[in-house]
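Please consult the sequence and the model shown here while reading.

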Amino acid sequence: MFHELGHAMHSILGRTKYQHVAGTRCPQDFSEIPSNLMEYFFSDLRVMRDVIRRTDRPSDKISIESAASLLASRHSFTAIETVQQAAYGLYDLEVHGPIAAPQIASGRLSTTELFHDIMQKAMPHVQRSPNSAFQHRFHHTVQYGAKYFSYLVARASASLIWQQRFQNEPFSRKWGDCWGEVQSHGGGHPPSILLEKILGFRPTEKDLTHALSRESYHLSNLDAVTV
Ligand SMILES: [Zn+2]
């Protein structure tokens, strides 16, 4: 719900001159940032306990213990998930790329072989059948041809924004206003300029990768006691 609310707010906050670039009508690696950032808000104990209430006793907050075990279970496999997403992104790039695409088109390589090859390199300790064809059920490679990686870019960007601006103070008025202003531009500016407005710098691929690995390390070491 928080994720979709992020998309909705992105559109509601739109103040662009032209409707064609308002809200989520922006490059895909930016359009998933507000929604991913909202997930970080949800995954914060202070925010979660402020929001989750019982309908019959709205003044009661969810107990710390329940909130903590919900968070710990949500993030049990973050590192594996990130590697998996990166491998899917790589498959998407390869299947549309200059080397694999002509081979697939001429029948010299199958998408199943390509997918298996990439997944085995990404996760060598996970046994998988060379004949399983998960890619047939993975519609993103059709809808967003060669752009699936943008999900991970968006998650890394949201992670950076969360870590730098909201982690210490999730209800910060100052950064909340700034983030609202950034979203008001929709696709009216390139993502790098928008990210600079909220971060104070234009993140490089190294910054984004570091943000994800820092987050994975932190989350995979969480349990219900340390959350
Ligand atoms: Zn989304």
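Ser 172 caps the N-terminal end of helix H11, with a side-chain oxygen 3.5 Å from the backbone nitrogen of Lys 174. The model is predicted: local features require pLDDT of at least 70, side-chain atom pairs count only at pLDDT 80 or more, and totals for chains, interfaces and linings use all residues. Residues are numbered from 1 along each chain as its sequence is written, and side-chain values use heavy atoms, leaving out hydrogens and water.

Helices here are DSSP runs of H or I with at least four residues, numbered from the N terminus. H11 covers residues 173-184 and reaches 16 Å from its first C-alpha to its last, close to the 16 Å expected at 1.5 Å a residue; the expected span is 1.5 Å times one less than the number of residues. After H11 comes Gly 186, whose phi is positive, near 50 degrees.

Buried means under 20% relative accessible area, with a 1.4 Å probe and protein chains only.

| Helix | Buried residues |
|---|---|
| H11 (residues 173-184) | Trp 175, Cys 178, Trp 179, Gly 180, Val 182, Gln 183, Ser 184 |
| H5 (residues 64-74) | Ala 67, Ala 68, Leu 71, Ala 72 |

The buried residues of H5 fall within an arc of 130 degrees seen down its axis, so they line one face of the helix; the arc is that of the directions from the helix axis to the C-beta atoms. Among the elements covering the buried residues of H11 are helix H1 (2-12) and helix H10 (149-166).

Helix H10 also holds Ser 157, which is buried at a relative accessible area of 2%.

Terms used. Helices (H or I, at least four residues) and strands (E, at least two) are DSSP runs, numbered from the N terminus. Buried means under 20% relative accessible area, exposed over 50%, partly exposed in between (1.4 Å probe, protein chains only). Contact means heavy atoms within 4.5 Å. A polar contact is a pair of N or O atoms within 3.5 Å; within protein, one must be able to donate a hydrogen and the other to accept it, and residues adjacent in sequence count only if both atoms are side-chain atoms.
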